[in-house]
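Please look over the sequence and the model shown here before reading on.

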Amino acid sequence: MLEKKIMMSSSALKTRILFLVFLLMSGSLLTSCKEESAVGSSNKDHTTAIKAVVESLLDTIKKNNPEYPGGFSIYVTYPGGKAFATAGFANAPTELTHFRAASNTKSFTSTSIMLLYQKGKLNFNAKVTDTIPGTNKPYLPDDANYNIPFKNSITILQLMQHRAGVFDVSNEMIPDSIQANVPYKGANYLDYIMETDPTHTFTFDELTSVNSTTGLYYFPPGGGYHYSNSGYVLLGKIIERVSGKGYSDFVKDEILIPMGLLSSSMPYLGSDRQLPAPFVPGYVQSVDGIKNTTISNISGNVAEGNLITTPADLAKFLRESLLGRGVISSVVMNQVILNMIPMGGATANGYGCGLQYVPNLGYGHTGAHEGYLSEMIYDPVTDITMVIYSNAWDLRDGILSISKVMNTMQEALYKTKGIVLGR
């Protein structure tokens with residue numbers, strides 16, 4: 001039987017934006033920056049200087065796009081202090097203001113998987129068809145919804161590392177060329193469903209059935225690196241089957257509450273579309289004008305992009321986790337989660353388990369959900385944590401205009417780190 005192999009659709013704008021987010025974290029786009037072994041100006045208030053960085057960031061964007069509808073925020077913690085700076089928002093957010101953190105969710109999902117491993121309930125090297133320890137139940141259901149390509153060869157670790165080749169249903173368009181007779185050919189499945197049912201609640205079973213029905217994949221497991229939201233959907237299902245809890249409940253009970261991340265949540269219902277107060281609204285700017293995208297059905301992104309959080313919570317989660325003071329031991333963190341494998345191509349960095357290493361910045365992740373762009377980063381060498389976000393997408397020129405915003409945000413992180421280091 002011929003392999004039903006697919007290529008990324010050039011028309012899938014969301015996918016291209018997501019790819020750009022990770023390209024920004026690669027060596028090909030990094031500025032020259034020498035790593036320091038210690039913070040040179042600890043116990044100093046850097047708020048004024050960082051505020052100037054954020055204002056300069058906004059000014060740079062506004063020069064090319066005076067109607068840019070969003071603002072920018074940077075939250076930084078460092079030995080002896082912290083700083084929060086913002087510019088361009090109408091509602092004056094703080095480090096306790098909510099926003100959609102999108103794919104930063106993946107760090108919580110990989111943490112959940114490794115927490116189950118740490119408790120002896122899961123083997124991360126196991127294939128998804130293997131049985132859960134102490135049971136006769138496989139990690140993934142043995143039914144038609146989960147009859148995905150190469151299912152018998154995929155390991156849990158490969159899913160966490162984006163090396164299983166699983167086709168990305170939430171970001172990709174379904175090619176017209178597939179043999180399967182499905183009504184969503186040539187469309188993005190999530191968009192297709194929500195056109196007629198905006199509050200539809202997507203499930204892991206439903207989303208994975210698209211992979212099974214279409215037979216689409218990128219490559220056999222272990223054949224390369226390809227970012228895949230759908231791979232993390234499978235991890236979400238595994239978490240539920242191993243723990244006996246819903247994904248959002250597990251994360252709440254086992255990570256958010258124990259770590260004191262009480263301003264964070266993982267909505268999973270199609271009707272749960274609003275952000276908790278206080279929040280920053282999200283906007284998408286296009287040639288047709290500006291659209292408010294704050295209200296959003298996030299149920300199609302559970303386990304890979306449904307996190308709502310604050311800069312303070314996100315920074316705390318990342319720093320405490322990497323220091324071994326979260327719910328994962330430092331041994332598991334260092335030997336498994338932070339075991340970075342090169343992503344290939346032109347990139348100089350690597351991806352581990354729900355975290356990526358950025359040369360000269362540290363370990364972290366990015367997020368891109370309509371109306372929101374974000375990045376969290378922690379450098380264990382200097383003990384500097386940074387969270388940056390904007391509440392707008394500039395799509396007037398498609399990928400070109402949004403890339404200008406993202407490049408400028410990345411440069412702001414380097415400048416901010418330089419200020420804290422006293423350079």
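The model is predicted, so local features need pLDDT of at least 70 and side-chain atom pairs count only at pLDDT 80 or more, while totals for chains, interfaces and linings use all residues. Residues are numbered from 1 along each chain as its sequence is written, and side-chain values use heavy atoms, with hydrogens and water left out.

The protein chain has 11 helices and 13 strands; these are DSSP runs numbered from the N terminus, with at least four residues of H or I for a helix and at least two of E for a strand. Of its 423 residues, 60% are buried, meaning under 20% relative accessible area, where exposed is over 50% and partly exposed lies in between (1.4 Å probe, protein chains only). Contact means heavy atoms within 4.5 Å. Among contacts between residues at least 6 apart in sequence, 72% join residues at least 24 apart.

Two packed helices are described by the angle between their axes and the distance between the axes. Helix 6 (residues 204-214) and helix 7 (residues 229-243) pack at about 135°, with axes 10 Å apart. Axes are lines fitted to C-alpha atoms, for helices over the stretch in contact, and angles run from 0 to 180 degrees between N-to-C directions. Helix 6 and helix 7 are therefore oblique to each other; angles under 35 degrees count as roughly parallel, over 145 as roughly antiparallel, 65 to 115 as roughly perpendicular and the rest as oblique. Residues making the contact include Phe-204 and Leu-207 of helix 6 and Val-233 and Leu-234 of helix 7.

An open sheet of 3 strands runs in the order 5-4-13, with mixed pairing; strands pair if DSSP finds at least two bridges between them. Strand 5 (289-292) and strand 13 (392-394) are at the edges, each with a single partner strand, so one side of each has no neighbour in the sheet. Strand 4 (residues 283-286) pairs with strand 5 in the antiparallel sense over 4 bridges, and Ser-286 stands opposite Gly-289 in strand 5.

In the loop between helix 8 (247-256) and strand 4 lies Pro-278, and the peptide bond from Ala-277 to Pro-278 is cis, with omega near -10°. His-162, in the loop between helix 4 and helix 5 (189-196), has a positive phi near 60° although it is not glycine. His-162 is buried, at 3% relative accessible area.
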